[in-house]
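Here's a walk through one protein model, written for someone who would rather look at the fold than at tables.

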Amino acid sequence: MCRTIKTAYCILNTLARMKSFEKLLQNNKNWASDRIKNDPGFFNRLVNLQMPEFLWIGCSDSRVPANEITGTNPGEIFVHRNISNLVIQNDLNLLSVLQYAVEVLHVKHIIVCGHYGCGGIKAAMDNISMGDLDKWLVNIKDVYNLNKSEVDAIENEEERLNRMVELNAKHQLLNLAKTTIIQKAWKHNKMPHLHAWAYSLSDGVLRTVFDMPPGSPIDKIYEFDNL
Ligand code: CO
């Protein structure tokens with residue numbers, strides 16, 4: 001009897017768990033058929049060509065989906081996401097996305113998008129070890145260190161973290177400009193335009209934080225003269 005109840009509970013439990021991902025598959029079927037209803041050529045066009053104008057480097061946070069918050073469709077934004085939208089010079093994943101976006105897709109704009117209420121920023125500003133994640137978050141601690149006097153002068157904790165979100169997005173944009181990929185593209189193609197934005201979870205609005213048009217000056221030590 002006991003075993004029967006346990007088995008029944010187990011089946012119910014499995015069904016409950018399956019339901020959440022099965023719902024995604026069902027939603028997808030509905031979405032695909034709606035798309036075709038409204039625009040019969042939609043998928044055919046996407047199959048044949050990818051020509052996004054934008055590369056989005058955003059946080060992995062599930063509340064900041066690039067397409068939805070910018071009102072764009074599949075095919076319009078090339079996307080890379082990681083914890084706290086970092087641009088690390090030896091991150092092969094990011095560099096591969098960046099090179100493909102710039103040299104093959106010829107994107108015109110790159111957006112580094114941070115968001116207020118970012119857990120990665122909050123964790124980095126703390127002194128609690130998170131295991132392997134520390135090695136990633138140390139890059140945010142470095143951003144803080146570079147801007148210590150400005151950040152420490154903000155008394156309110158939430159405002160201090162909000163400012164760190166903005167400074168981090170700006171710093172990651174500067175990191176982009178340090179790569180040979182961006183410097184080469186600026187020199188030879190006068191593209192892409194770099195944008196640092198911050199997204200507010202509370203009102204859904206994007207704000208411009210920092211902007212680097214092609215050819216923007218960078219610290220001399222990071223410039224390559226032979227590209
Ligand atoms: Co985040």
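Predicted model: local features only at pLDDT ≥ 70, side-chain atom pairs only at ≥ 80, totals over all residues.

## Ground rules

Residues are numbered from 1 along each chain as its sequence is written, and side-chain values use heavy atoms, with hydrogens and water left out.

## The big picture

The protein has 9 helices and 5 strands. Helices here are DSSP runs of H or I with at least four residues, strands are runs of E with at least two, and both are numbered from the N terminus. Going along the sequence, they come in the order α-α-β-α-β-α-β-α-α-α-α-α-β-β.

Along the principal axes, the C-alpha atoms fill a box of roughly 75 × 50 × 30 Å. Of the 227 residues, 35% count as buried. Contact means heavy atoms within 4.5 Å. Among contacts with a separation of 6 or more, 64% are between residues 24 or more positions apart.

## Helix α6 and its cover

Helix α6 takes in residues 133-146, and its 14 residues should span 20 Å at 1.5 Å a residue; the end C-alpha atoms sit 21 Å apart, which agrees. (The expected span is 1.5 Å times one less than the number of residues.) There is also a kink of about 25° centred on Asn139. That bend is the angle between axes fitted to the seven residues ending at a residue and the seven starting there.

Which residues of α6 are buried? They are Leu137, Asn139, Ile140, Val143 and Tyr144. Their cover includes α5 (119-124), α7 (148-152) and α8. Over in α5 you'll find Ala124, which is buried with a relative accessible area of 3%. Ala124 touches Leu137, Ile140 and Lys141, leaving aside residues up to four places away in sequence. Ala124 and Lys141 are 17 residues apart in sequence, with 5.8 Å between their C-alpha atoms.

## Helix α8 and its two partners

Two packed helices are described by the angle between their axes and the distance between the axes. The axes are lines fitted to C-alpha atoms, for helices over the stretch in contact, and the angles run from 0 to 180 degrees between N-to-C directions. Angles under 35 degrees count as roughly parallel, over 145 as roughly antiparallel, 65 to 115 as roughly perpendicular, and the rest as oblique.

With α6, α8 packs at an angle of about 105°, the axes being 10 Å apart, so α6 is roughly perpendicular to α8. On the α6 side are Ile140, Val143, Tyr144 and Leu146, which meet Met164, Leu167, Asn168, His171 and Gln172 of α8. Sorted by class, that contact has 6 nonpolar, 3 polar and no charged residues. For the classes, Ala, Val, Leu, Ile, Met, Phe, Trp, Tyr, Cys and Pro count as nonpolar, Asp, Glu, Lys and Arg as charged, and the others, Gly among them, as polar.

How do α8 (residues 157-178) and α9 (residues 180-189) cross? Their axes come within 5 Å and cross at roughly 70°, so α8 is roughly perpendicular to α9. Here Leu176, Ala177 and Lys178 of α8 meet Thr180, Ile182, Gln183 and Trp186 of α9. This contact has 4 nonpolar, 2 polar and 1 charged residues.

Neither is a glycine, yet Ser84 has a positive phi of about 65° and Asn85 one of about 45°. Ser84 counts as buried at 0% relative accessibility, and Asn85 does at 1%. Setting aside residues up to four places away in sequence, Asn85 touches Ile57, Gly58, Cys59, Val112, Cys113, Gly114, Asn168, Ala169 and Gln172.

Further on, a cis peptide bond joins Met191 and Pro192, with omega about -10°. Pro192 sits in the loop between α9 and β4 (193-199).

Key. Buried < 20%, exposed > 50% of the residue type's maximum accessible area, 1.4 Å probe, protein only.
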